[in-house]
Amino acid sequence: MKKHLVVLTAILVLLATAGFVTVCSRPTTSQKEPVKQKAEATATAWPGSKWPMHDMQRPQPPVITPGTFSTQQTPGKPPSDAIVLFNGKDLSNWQSVKGGPAQWKVEHGYFEVVPGTPDIETKQKFGAIQLHLEWSEPTPAHGSSQGRGNSGVFLQGEYEVQVLDSFHNITYPDGQAGAIYGQHPPMVNACRPPGEWETYDIAYTPPVWQDGKVTTPPYVTVFMNGVLVQNHAEIFGPTSGSPRPYPDLGGVGPLRLQDHHNPVRYRDIWIRELKPAP
Ligand code: MG
């Protein structure tokens, strides 16, 4: 009887030990999940993407050096891949829209509209862009509504982001500073007083054409003095005159600045041509 008890005890000890080892060697849920996630991550692509998630074979984005922000006293530095359109010294990258050299005045690191001369435009043409530009309104303020510090930034030479002294100056909402002229008022009025430098940071994509028709309209996003005032706004058509269809510009156009007979100043203008992410 005593012998049987010893054998039974030994069997129970062996069974218990085997069970304990089995429990200990079984992976816990938290150990298993990362392995499962990794396997899924390398096999799955989002619809519309040709690249599986986290694919190390996907090309790396180009490395650039970011710029610095401006102060009221000093313009910032552009990113290393930017095309500098005005370096504070001359208008060599610009021309009159009527042909010949740009006739605006350059002094003290900025250039200024000479009223009665034509608009100016870049010699180079662009498609999808990021644009940084700074402007300053005449001081003391002169005129009212659309007559106070009016100029404009025409994307592809056709679509105007309004420049105006909208500091305590009421005008029609779709014509104030930060507006897509005649189409979209800015979401807020973020104007600084005249004489201070204002900033525009703009992202623009041109219309997409297929078989003679626009299949995707142009879109624009505008930050004014760091404040979002246009959020991927659809541009309905050229902003000058009555509504009319998009002109087929072949995907590119110059950046144009408006002479509206007010001596508005500009500085620190650079542009980046946008390419799809890898
Ligand atoms: Mg204007």
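## A buried leucine

Leu131 touches Ile202, Tyr204 and Ile271, leaving aside residues up to four places away in sequence. Touching here means contact: two residues are in contact if their C-beta atoms, placed from the backbone, lie within 7 Å. Leu131 is found in strand 6. Strands (E, at least two residues) and helices (H or I, at least four) are DSSP runs, numbered from the N terminus.

Is Leu131 buried or exposed? Leu131 is buried, because 22 other C-beta atoms lie within 10 Å. Leu131 and Ile269 are 138 residues apart in sequence, yet 7.5 Å apart in space, C-alpha to C-alpha.

## The model and its confidence

This is a predicted model: local features need pLDDT of at least 70, side-chain atom pairs count only at pLDDT 80 or more, and totals for chains, interfaces and linings use all residues. Residues are numbered from 1 along each chain as its sequence is written.

The pLDDT is the predictor's confidence in each residue, from 0 to 100. Its mean over the protein chain is 89, and 85% of the residues reach 70 or more. Residues 5–40 are another matter: their pLDDT is below 50. Beyond near neighbours in sequence, that stretch has one contact in the model. Where pLDDT is low, the predicted coordinates should not be read in detail.

## The chain as a whole

The protein chain holds two helices and 15 strands. It has 278 residues, and 29% of them count as buried. Take the contacts between residues at least 6 apart in sequence. Of these, 59% join residues at least 24 apart.

## The nonpolar core

A nonpolar core is a set of buried Ala, Val, Leu, Ile, Met, Phe, Trp, Tyr and Cys residues joined through C-beta atoms within 7 Å. The largest one here has 40 residues. Which of them touch the most other members? They are Val153, Leu155, Ile180 and Val220. Strand 15 (residues 265–273) gives the largest share of this core, four residues. In soluble globular proteins, nonpolar side chains tend to be buried together.

Leu155 touches Val161, Tyr204, Val220 and Leu255, not counting residues up to four places away in sequence. Now look at Tyr159 in strand 8. Tyr159 counts as buried because it has 26 C-beta neighbours inside 10 Å. Its contacts include Phe154, Ile180 and Pro218, again setting aside residues up to four places away in sequence. Tyr159 and Leu255 are 96 residues apart along the chain, and their C-alpha atoms are separated by 9.6 Å.

## How the strands pair

Two strands pair if DSSP finds at least two bridges between them. Strand 6 and strand 9 (residues 197–205) run antiparallel, joined by eight bridges.

An open sheet of five strands has the order 2-5-14-7-8, with antiparallel pairing. Why is one side of strand 2 (94–96) and of strand 8 (159–163) left without a neighbour in the sheet? Both stand at the edges, each with a single partner strand, so one side of each has no neighbour there. The twist averages 30° from one strand to the next. For such angles, axes are lines fitted to C-alpha atoms (for helices, over the stretch in contact), and values run from 0 to 180 degrees between N-to-C directions. Within the sheet's order, strand 7 and strand 14 (residues 253–257) pair antiparallel over two bridges. Phe154 stands opposite Arg256 in strand 14.

## Backbone details

The peptide bond from Thr139 to Pro140 is cis, with omega near 0°. Pro140 sits in the loop between strand 6 (129–136) and strand 7 (151–155).

Asn225 has a phi near 50°, a positive value in a residue other than glycine. Asn225 is in the loop between strand 12 (219–224) and strand 13 (227–234). Asn225 is partly exposed, with 17 other C-beta atoms within 10 Å. Asp268 also has a positive phi, near 50°. Asp268 lies in strand 15. Asp268 is buried, with 24 other C-beta atoms within 10 Å.

Definitions and conventions. A residue is buried if 20 or more other C-beta atoms lie within 10 Å of its own, exposed if 12 or fewer, and partly exposed in between; C-beta atoms are placed from the backbone.
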